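Colleague: Hey, I'm new to this one. Can you walk me through it?

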Amino acid sequence: MEHEKSFKDIGVCDLLVEACENLGWKTPTQIQAQAIPSALEGKDIIGVAQTGTGKTGAFALPIIQALLDADRPRPFFACVIAPTRELAIQIGEVFSALGAGIGLKTAVLVGGVDMNQQQFALARRPHIIVGTPGRLLDHLTNTKGFSFCSLKHLVLDEADRLLDMDFEKSIDDILKVIPHERRTYLFSATMTKKVKKLQRACIRNHVKIEISSVSSTVESLMQQYLLIPAKQKACALVYLLMKMPEYTSMVFTRTCAETEILALMLRFLGFRAMHFNGNMTQVKRLGALNKFKAGDCNILVCTNAAGRGLDISSVDLVIVYDVPAEQEDYIHWVGRTARAGKSGLAIALVTEYSIGNYYRIEQETGKQLPTYPVEKEEMLLLYERVSVARRIADKKYKESGGKKSKEYDDLEETKYLPKKSSKKLKKIKRPRPY
Ligand code: AMP
């Protein structure tokens with residue numbers, strides 16, 4: 001029987017094997033096992049991989065190993081470009097964790113954070129730069145002493161998203177100031193036309209690694225849907241969260257306003273919920289994410305801003321509150337759970353308004369999902385209480401002029417809580433995905 005390859009077997013040096021062990025990475029994931037040997041041979045990589053497959057390690061390990069093999073210390077050795085601030089910060093954290101024992105210096109350059117602070121970080125001449133395109137370009141143009149003239153590795157992460165977000169021009173400008181003699185790693189969940197064009201522009205002698213077909217989701221993810229009238233959607237949400245109180249859950253909605261109203265409603269009902277959306281300041285977004293990661297709240301109500309790349313390994317349940325028009329968004333939302341081999345559950349709330357979107361997703365993924373076994377009468381017991389909480393949340397949101405007032409920042413809204421129903425819901429056991 002073929003034995004599972006270890007990090008050492010695929011060419012990772014002892015220092016980094018130890019760093020992986022410290023992170024609890026015992027054996028390489030599929031993408032790591034395929035990408036690392038080619039990257040160590042000096043090839044460019046195109047990685048088409050699902051979310052949560054260990055992509056970051058697949059490019060971080062060969063980069064750090066090349067740095068360890070370099071004849072002298074090399075500032076500005078590698079640059080990773082990511083589409084969102086949170087993803088860039090997360091990638092920076094993986095580099096810092098893997099390089100903790102070897103004095104690796106990493107700087108994260110993202111918008112919404114003081115430029116001066118980042119200039120100080122650049123003055124320390126870090127080995128690794130991780131950033132979002134706009135802020136990176138800003139520093140390349142305005143920060144003295146910072147240039148990519150000695151850059152050896154470029155990573156374009158979530159390339160499809162980078163291009164969807166209209167970063168094409170910034171990326172072109174960054175490519176112009178990066179040496180041609182370099183290694184390039186391009187990772188993307190989907191190979192769109194724009195990604196292929198970018199690939200032609202910046203990648204040469206490459207190896208293409210495709211971990212799964214486009215539009216798929218990991219096997220340990222159990223997906224279900226719940227068909228309900230639109231006016232019962234909030235009630236269904238509360239029902240599901242009450243059924244799985246010990247779960248760490250993400251709830252995806254279409255609009256920023258809805259994230260705030262739903263989080264507020266859930267807090268009125270005694271849940272530990274916070275919202276996360278693109279309208280929040282960077283500090284508030286990070287604050288909400290950190291509270292969620294630390295377990296201070298166990299429900300994050302978010303927009304697509306949290307849909308990609310974010311790695312919160314403990315997410316057990318994703319509720320797709322608004323079924324998105326784009327199948328890709330659905331894939332990324334449900335991909336927030338069942339990461340790195342863990343199991344997870346995703347439930348889509350389908351109504352008379354979103355059923356068209358839902359059928360399209362079924363057709364495009366070629367998967368017919370089972371329905372979530374709801375006990376309708378039990379769910380409707382909550383209807384009155386949830387409707388009251390929703391009305392209060394709507395009113396509070398409108399009173400604040402759509403902006404968050406201070407009052408919304410804490411978890412004290414439980415004081416508005418309508419009296420609890422005396423009937424308790426039966427908890428369900430954690431379902432066992434496949
Ligand atoms: P990524 O796709 O890079 O966001 O990684 C998803 C999750 O997988 C993160 O929580 C990583 O810490 C974890 N991970 C990455 N590589 C491994 C590995 N070889 N073994 C176990 N977990 C891993």
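Predicted model: local features only at pLDDT ≥ 70, side-chain atom pairs only at ≥ 80, totals over all residues.

Colleague: What's the phi of Phe76 like?

Modeller: Phi is near 50 degrees there, so it's positive in a residue that isn't glycine. As a rule, most residues other than glycine have a negative phi.

Colleague: And is Phe76 buried or exposed?

Modeller: Buried, with a relative accessible area of 3%.

Colleague: Where does Arg125 lie, and what's its phi?

Modeller: Arg125 is in the loop between α5 (115–123) and β4 (128–131). Its phi is positive too, about 50 degrees, although Arg125 is not a glycine. Arg125 counts as partly exposed, at 43% relative accessibility.

Colleague: OK, let's zoom out. How many helices and strands are there in the chain?

Modeller: The chain has 16 helices and 13 strands. It runs to 434 residues, and 54% of them count as buried. Looking at contacts with a separation of 6 or more, 77% are between residues 24 or more positions apart.

Colleague: What about the accessible surface?

Modeller: That comes to about 19,800 Å² for the chain, with 51% of it belonging to carbon and sulfur atoms.

Colleague: Which residues form the negative surface patch?

Modeller: Asp164, Asp166, Glu326 and Glu364. Glu326 is in the loop between β12 (317–320) and α13 (327–334).

Colleague: New topic: how many salt bridges does the count come to?

Modeller: The count comes to 17. One of them joins Glu86 and Arg285, with the closest N and O atoms 2.8 Å apart. That pair links distant parts of the chain, as Glu86 is in helix α4 (residues 85–98) and Arg285 in helix α12 (residues 282–294), 199 residues apart. Glu86 and Arg285 are both buried.

Colleague: Which salt bridges lie within a helix?

Modeller: Two to look at are Lys176 with Asp173, and Lys395 with Glu399. Each is listed at 3.4 Å, N to O. Lys176 and Asp173 are three residues apart in helix α8 (residues 168–176), which puts about one helical turn between them. Lys395 and Glu399 are four residues apart in helix α16 (residues 383–399), again separated by about one helical turn.

Colleague: Are those residues buried or exposed?

Modeller: Lys395 and Glu399 are both exposed. Lys176 is exposed as well, at 66% relative accessible area, while Asp173 is partly exposed at 21%.

Colleague: Which residues are linked in a network of salt bridges?

Modeller: Lys55, Asp157 and Glu158 are.

Colleague: Last one: where is Phe148, and what is it in contact with?

Modeller: Phe148 is in the loop between α6 (133–142) and β5 (153–156). It's buried, with a relative accessible area of 1%. Leaving aside neighbours within four places in sequence, its contacts include Cys79, Ile129, Leu136 and Ile178. Phe148 and Ile178 are 30 residues apart in sequence, yet their C-alpha atoms are 5.5 Å apart in space.

How values were computed: Residues numbered from 1 in each chain as written. Heavy atoms only, no water. Patch = residues over 30% accessible without salt bridge, like charges linked within 9 Å, V, L, I, M, F, W, Y side chains within 5 Å. Areas by Shrake-Rupley, 256 points an atom, 1.4 Å probe, with all protein chains shown as cover. Salt bridge = Lys/Arg side-chain N within 4 Å of Asp/Glu carboxyl O. Lys, Arg positive; Asp, Glu negative; His and termini not counted. Charge placed at Lys NZ, Arg CZ, Asp CG, Glu CD. Helix = DSSP H or I, 4+ residues; strand = E, 2+ residues; numbered from the N terminus. Buried < 20%, exposed > 50% of the residue type's maximum accessible area, 1.4 Å probe, protein only. Contact = heavy atoms within 4.5 Å.
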